[in-house]
There are 2 protein chains.
Amino acid sequence: MSEIQRPGALYQQVAAAIREAILSGEFAPDTLLPSEAQLMTRYGVSRPTVRNAIAALRAEGLIDVRHGKGSFVRSSGHPTLTLERRISRTSEGKFVMPNGDTWQEAEEPNTYRTLTTKTTGRLLQLGEEEALFGCDRLLIDPATGTRAMHRTLIPFEVAEAVPLLGEEPCKPPAAIYWVLTQVGGHALSWTETVRAHMPLPDERTALQLPDATPVLHVARVAHDADDRPLVLEELRFGADRAELAYRITADKQPTRRARP
Amino acid sequence: MSEIQRPGALYQQVAAAIREAILSGEFAPDTLLPSEAQLMTRYGVSRPTVRNAIAALRAEGLIDVRHGKGSFVRSSGHPTLTLERRISRTSEGKFVMPNGDTWQEAEEPNTYRTLTTKTTGRLLQLGEEEALFGCDRLLIDPATGTRAMHRTLIPFEVAEAVPLLGEEPCKPPAAIYWVLTQVGGHALSWTETVRAHMPLPDERTALQLPDATPVLHVARVAHDADDRPLVLEELRFGADRAELAYRITADKQPTRRARP
DNA sequence: AGTCATCACTCGTAAGGACAAGTGACGTCA
DNA sequence: TGACGTCACTTGTCCTTACGAGTGATGACT
């Protein structure tokens, strides 16, 4: 009966005690925590209080609870998949994404269709709710089992010049750059924007995410020589499975971006 | 009384109904949701069930609950601060981090001290629990109020060659690179690794994070000509306030990394 | 020996009641 | 008018009880 007293609510004291035990290593990773009943007698509180404490630890991603078995200390395993974000151009002018792209299609690819975007329109220099030409995919990395949601978005202005896009199913992620070069749209620079958010239920199921696992969201925009956006690629994946890696080399001069 | 039936548990049905109303725009952002009592009569369930549903929406980051007032639809405001991750070298050989570094010290800086790292040792090619020379900071962006935790880590092997580091307080983040050049440690490349995780309580309070807000974690490692790590900078901030932006330019040749 | 029912244990769901605590408006009182 | 107390409303905390559902081992039956 480790007596507890300190801060705020009872369940927070219980949560703090368990958390401390986990972080100090008293409860090792992948270890079974005491059951709810045991915690009730241990701290002299009711079951809702224990469950409330456990819910707090769950939201912090410290433990995993399995129905009928118990609560396990989550092994703070680092991501097993590192996505190297680098785009290179071969001498023939073809674009390759050389690494981190061992993705395979996990489902039958969709076809291009009209989409609207609230969150990423800004990156394409569009207003909110503006229509786009786009395609969704569910990708999987066979080596690690990591899943990712991929979306290609092309402004209508650009898509109209590319008759090939009407064909179905839509091209694999990397091919879109090649397609663009065929019609004279040469991407000169890419900007990647990285965000994180909590998954909605559809993302939770599609990406098979455990509790309290954020989604990493990468939006890659290709710009042409006039700094106008050509394509937007979105990639979402569970932050427990994969991480992003950028290699930065020192320029001789600071790069300046055009200011409209 | 919108009757509900479909999937799984009662509280999930209630949560799904509210979630749908939010995503469809029926409940506008920053709007007050019906109170718990109203939801009880609306769906004909008990208070624990309503609270359970609300807890689920809270964990998804869809709503904010304020004691004594009610539940508000969270305005899905995009991050206001964009951190441009680019390192440039001036012609004099001094290193500058030209953008996204309007940070100010939010607290009196600490002094360098010995730290151990479990999660990021790998990036420095060290084992787990290996000791390092390091310094923590709490930064703030005055324009947006965004807070960030910053940590500088230097392997003992490197730190021993730098007598300047013993001085207190420790240098501002960017200065460490300049210090290194003074003793012949020239950084040639940087690798940034991006992860996301849910905050522990200390991160929640230090960064002043709302519910269900992930932490974005950037680890920047500077390597010398022999590809040995010189410094590790860690930056953590709330994913609701800031995002990362990388500009990628197309190389003529794919970059190959040494394989040991 | 093998199969399968049972049981004890786990967590999940749902309801009920009671009181504490934060918030804001309203009305009283000085 | 101004200050303040009260009250109604909100969510927060905590307890009790009950049953459903997943898991694994035990043991009886074939």
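**Protein surface at the DNA strands**

I sorted the residues of the surface near DNA strand D by type and got six nonpolar, eight polar and eight charged. The model is a predicted one.

For Leu10(A), I found a backbone N or O atom 2.5 Å from a phosphate oxygen of DNA strand D. Arg47(B) goes to a base instead: a polar side-chain atom lies 2.8 Å from a base nitrogen of DNA strand D.

I checked which part of strand D faces the protein. Of its atoms within 4 Å of the protein, 67% belong to sugar or phosphate, and the rest to bases.

I noted the elements that each supply at least two residues here: α1 (10–23) and α3 (47–59) of chain A, with α3 (47–59) and β1 (63–66) of chain B.

I turned to DNA strand C, which 22 residues surround; Arg47(A), Arg51(A), Leu10(B), Thr49(B) and Lys69(B) are the closest.

A side-chain N or O atom of Ser35(A) is 3.1 Å from a phosphate oxygen, and a polar side-chain atom of Thr49(B) lies 2.5 Å from a phosphate oxygen. At a base nitrogen I found a backbone N or O atom of Gly68(B), 3.1 Å away. Two or more residues of this surface come from each of α3 and β1 (63–66) of chain A and α1 (10–23) and α3 of chain B.

Note on methods: Residues numbered from 1 in each chain as written. Chains lettered and ligands numbered in written order. Predicted model: local features only at pLDDT ≥ 70, side-chain atom pairs only at ≥ 80, totals over all residues. Heavy atoms only, no water. Near = heavy atom within 4 Å. Polar contact = N/O pair within 3.5 Å; in protein donor to acceptor, adjacent residues only side chain to side chain. Helix = DSSP H or I, 4+ residues; strand = E, 2+ residues; numbered from the N terminus. Nonpolar A, V, L, I, M, F, W, Y, C, P; charged D, E, K, R; others polar.
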